[in-house]
Amino acid sequence: MNKSRSISTFLSSDIGVLILIALARILLQVFTNGQYGFHQDELVTMDIATRGLAWGYVAWPPVTPFLARVALTLFGLSPIGLRFFAVIAEAFVMLLAGLMIRDLGGSRWAQVLGEVAVATTPISVVQGGLFQYETLDYFCWVLLAFMVVRLLKTEDPHWWLGIGAAIGLGMMTKYTIAFSVAGVIVGILATGNRHYLKSRWLWGGALLALGIWLPNLIWQFQNHWISLYFLSSIHTRDIRNGLTGSFLIDQILFNSNLVMLFLVAGGLYYFFFTQAGQRYRMLGWMYVVPFVLLILTQGKGYYLAAAYPMLAAGGAVWLDGRLSRMANPQTARAWQRATWIALGIGALIVIAIVLPVAPLGSTWWQVVSRNNVEVKSEVGWPELVQQVAKAYDSIPAGERSGAAILAASSNEVGSIDMYGSAYGLPKVISGFDSYWQYGYGDPPPTTVLVVGFDADLRSNFHDCTFISQITSPFNVQNEEVVNHRAIYLCHDLRPPWPVFWQHFQYFG
């Protein structure tokens with residue numbers, strides 16, 4: 001009886017309510033995460049994980065492939081199982097946002113408001129439905145902000161160890177957390193927190209961050225800093241393709257719930273221009289510095305998305321304070337109701353046009369795929385592998401045992417490797433990202449099924465025969481059917497394989 005009462009008391013507490021809301025989010029997204037199939041990037045991450053765990057990879061630090069390996073072990077080849085880690089990460093983001101509001105002095109109303117507002121942004125809904133390092137990076141940024149809030153609230157220097165752990169985990173997940181770390185550094189120097197520079201706990205936290213990151217740093221050294229070349233290549237590509245030009249408008253689109261936008265603006269005001277927020281001004285710098293750096297370096301818009309939950313936390317506290325000081329309580333309650341109505345309408349719109357639940361080929365699907373372009377990359381991969389298997393079976397029996405499948409990008413590489421074993425297909429060879437390091441096999445193949453490459457690649461062979469056009473269900477226009485359109489059977493590479501392979505590495 002006492003145990004039941006204790007559970008009931010806990011669930012009715014501020015933290016209990018925040019946890020219940022996060023659990024509701026988990027249930028909503030878990031039951032909708034299997035509507036389509038794996039995203040092409042998810043397939044590659046899982047495939048890399050099955051080829052062998054390491055302290056680093058061309059495209060990622062080690063955390064994301066490691067969790068992919070865990071998901072495969074626990075759940076098998078299941079989109080819902082793999083994405084469970086993404087949903088959990090987003091649920092923790094929600095919870096940490098609510099806890100930051102609590103530490104900043106916000107009421108339960110403010111805590112719940114901020115938690116729900118963060119959870120119903122388009123970027124949060126999309127990331128809860130995909131297992132990618134962006135989702136885990138999002139969590140690490142928010143975890144870092146939470147640790148900073150705990151430090152500033154308690155003035156207990158031991159929290160520098162938590163800050164260091166969050167930074168170290170972030171660097172093992174995605175290197176963009178370095179932008180937030182730059183904000184922390186400026187926040188120390190530009191505020192009264194300069195006294196922590198004399199604290200052994202700050203430097204202990206820095207050493208802890210370095211210690212956690214060190215295995216990946218050593219891997220990078222051993223592999224000639226390959227990820228720097230990768231990042232430089234894709235950054236140049238993004239600028240060339242105009243993908244960084246929408247940075248400013250993206251900051252609105254990623255928070256396009258009117259209440260969230262209001263809270264974000266209120267958070268900036270709270271941290272920089274109010275007496276109550278002065279103590280937490282470092283959080284303001286943790287937004288402004290990455291914002292400026294990403295503009296100067298022409299970063300993509302979503303790189304900054306993880307900075308908004310902490311601003312929403314500050315905005316919820318600021319709004320809560322304004323309403324509590326209103327002379328007329330009825331007016332304050334009316335504002336609260338209006339805020340919830342606006343938030344509810346915005347949440348329903350986001351769920352309807354972003355959550356991946358629309359039937360393929362329907363008008364609703366067309367709307368969702370325009371607002372959540374990632375769902376296009378969740379369709380057609382088993383069908384692609386069936387087409388490749390049919391082409392592979394057309395190779396004369398005498399050639400088939402030594403034939404290779406040369407695939408162009410993540411679309412083909414991940415799907416063929418993950419689904420191809422059911423058709424007896426060999427592992428692909430490719431110059432794409434980490435796959436270049438796996439080589440082309442011994443002995444080198446003389447017969448090659450070429451999937452997704454253009455004429456420039458095929459000209460390296462003595463002869464190439466068109467086999468089939470690549471298609472997708474419901475004619476979904478994803479990267480595969482737009483940019484990687486056909487399958488060819490090619491023979492006899494003109495240059496020797498070692499010479500060809502030496503210059504074949506590319507990034508995507």
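**Ground rules.** I am working with a predicted model, where local features need pLDDT of at least 70, side-chain atom pairs count only at pLDDT 80 or more, and totals for chains, interfaces and linings use all residues. Numbering starts from 1 along each chain as its sequence is written, and side-chain values use heavy atoms, with hydrogens and water left out.

**Cores.** I began with nonpolar cores, meaning sets of buried Ala, Val, Leu, Ile, Met, Phe, Trp, Tyr and Cys residues joined through side-chain atoms within 4.5 Å. Buried here is under 20% relative accessible area, exposed is over 50%, and partly exposed is in between, with a 1.4 Å probe and protein chains only. Which members of the largest core touch the most others? I found Leu144, Leu283, Met286, Val388 and Ile405, out of 126 residues. Helix α8 (residues 133-154) gives this core its largest share, 16 residues. Helices (H or I, at least four residues) and strands (E, at least two) are DSSP runs, numbered from the N terminus. I also noted a second, separate core of 18 residues, with Ala408, Tyr440, Leu457 and Phe500 among them.

**Ile405 and Leu425.** I then listed contacts, which are heavy atoms within 4.5 Å. Beyond its neighbours within four places in sequence, Ile405 is in contact with residues including Val388, Tyr392, Ile416, Leu425 and Val451. Leu425 sits in the loop between α22 (410-419) and β2 (447-451). Is Leu425 buried or exposed? It counts as buried, because its relative accessible area is 10%.

**α6 with α14.** Two packed helices are described by the angle between their axes and the distance between the axes. The axes are lines fitted to C-alpha atoms, for helices over the stretch in contact, and angles run from 0 to 180 degrees between N-to-C directions. For α6 (residues 108-119) and α14 (residues 258-273), I read axes that come within 9 Å and cross at roughly 115 degrees. In α6, Leu113, Gly114, Ala117 and Val118 meet Val259, Met260 and Leu263 of α14. That contact divides into 6 nonpolar, 1 polar and no charged residues. For these classes, Ala, Val, Leu, Ile, Met, Phe, Trp, Tyr, Cys and Pro are nonpolar, Asp, Glu, Lys and Arg are charged, and the others, Gly among them, are polar.

**α2 with α6.** Helix α2 (residues 14-30) packs on α6 at about 20 degrees, with the axes 10 Å apart. So α2 is roughly parallel to α6, a label for angles under 35 degrees. Residues on the α2 side include Val17, Ile21 and Arg25, and those on the α6 side include Arg108, Val112 and Glu115. The contact of α2 with α6 has 7 nonpolar, 1 polar and 4 charged residues.

**Two residues of α3.** Thr45 is in helix α3 (residues 40-51), and I note it as buried because its relative accessibility is 3%. Not counting residues up to four places away in sequence, Thr45 touches Trp60, Thr64, Pro65, Ala68 and Phe131. Ala49 also lies in α3, and is buried at 0%. With the same exclusion, Ala49 touches Pro65, Ala68 and Arg69.

Notes. Parallel < 35°, antiparallel > 145°, perpendicular 65-115°, else oblique.
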